[in-house]
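Hi,

Here is the structure I promised to pass on.

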Amino acid sequence: MSLLTDLINLNLSETTDKIIAEYIWVGGSGMDMRSKARTLPGPVSDPSELPKWNYDGSSTGQAPGEDSEVILYPQAIFKDPFRRGNNILVMCDAYTPAGEPIPTNKRHAAAKVFSHADVVTEVPWYGIEQEYTLLQKDVKWPVGWPIGGFPGPQGPYYCSVGADKSFGRDIVDAHYKACLYAGINISGINGEVMPGQWEFQVGPAVGISAGDEIWVARYILERITEVAGVVVSFDPKPIPGDWNGAGAHCNYSTKSMREDGGYEIIKKAIDKLGLRHKEHIAAYGEGNERRLTGHHETADINTFLWGVANRGASIRVGRDTEKEGKGYFEDRRPASNMDPYIVTSMIAETTILWNP
């Protein structure tokens, strides 16, 4: 086993300039992540230097068998925490051979929103709170829970310490450090209200980079749980009953909101979000109706309301923002399985570009 570990950890730079690039993309379900690796002649610092690549879309649910070729366009580069050295992770999006984005490519439309002059001027910042649940591999039951049974009620587990309250910290810390190594702007982690559930935060990130960073952070988490023999679930309500669901709260601000008088801009933006509540809910993740019940720190899925420091609201404004008259707000509606390209671009589109 030590020989295998030694080989995995070989430092390629001692013998060759060649590097390994792991191309990552989103699969046919919209949540499954796929990747494959290729050798490049030397270090790369910009996605434009990378070659396009192809894959068999019929094996990912993204193309028919008789016309299965899908083309990967490299979009963002991160350092590879698994192979290290000059090796890289490459976030890609997917196109037909004719250059049309395939239906599951949500990045393409988001990039159009973020390249709009009015959006560029506003420099939208995002901070995304990605919740997830760690499951025992063979029984799909949260780590730390007795097989076929339940732990004690919620209360002791949020931000907890101790072997009887905190489950999976080694995975969480490994992920935290791996994301920092990769160059992801991960800003923190914490244990969540339901035992076996955790959260990491990414941001502030500007525009399209928020989506890239969340997807690559998810990929790294999937790889780490693969090694640990644990399954990560992004289901918004993995355990029915009196247990918190899992969300992906999206903190958001624009240049106008961060400047003096920004609170009025924030309130106008929230009014716009309220007018398009149904459209946003429809795009905020599958199964969200099981989570947004009006209980467990959520607003009912059919109700739009906002408030200061109210964790039972659709939109929460912080006390500091109210006090300073500028800042940001938090959209608490997105589910943990949301597509960050869709959510971030839709918030920008509604609050900056849309005129009711």
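Below is what turned up on the aromatic rings and their neighbours.

This is a predicted model, so local features need pLDDT of at least 70 and side-chain atom pairs count only at pLDDT 80 or more, while totals for chains, interfaces and linings use all residues. Residues are numbered from 1 along each chain as its sequence is written, and side-chain values use heavy atoms, with hydrogens and water left out.

Searching the whole structure gives twelve aromatic pairs. Rings of Phe, Tyr and Trp (its six-membered ring) pair if their centres lie within 6.5 Å; planes under 30 degrees apart are stacked, over 60 edge-to-face, and the rest tilted.

One of the pairs is Tyr-23 with Trp-53, edge-to-face at 5.2 Å centre to centre and 80 degrees between the planes. It links distant parts of the chain, 30 residues apart: Tyr-23 is in strand S1 (residues 19–26) and Trp-53 in strand S3 (residues 53–56). Strands here are DSSP runs of E, at least two residues, numbered from the N terminus.

Are these two buried or exposed? Buried means under 20% relative accessible area, exposed over 50%, and partly exposed in between (1.4 Å probe, protein chains only). Tyr-23 is buried at 0%, and Trp-53 is buried at 18%.

Trp-141 and Phe-150 are edge-to-face too, because their centres are 5.5 Å apart and their planes at 75 degrees. Here Trp-141 is buried at 19%, but Phe-150 is exposed at 51%.

There's also an aromatic cluster of Phe-114, Tyr-126, Tyr-252 and Phe-329.

Cheers

Technical notes. Helix = DSSP H or I, 4+ residues; strand = E, 2+ residues; numbered from the N terminus.
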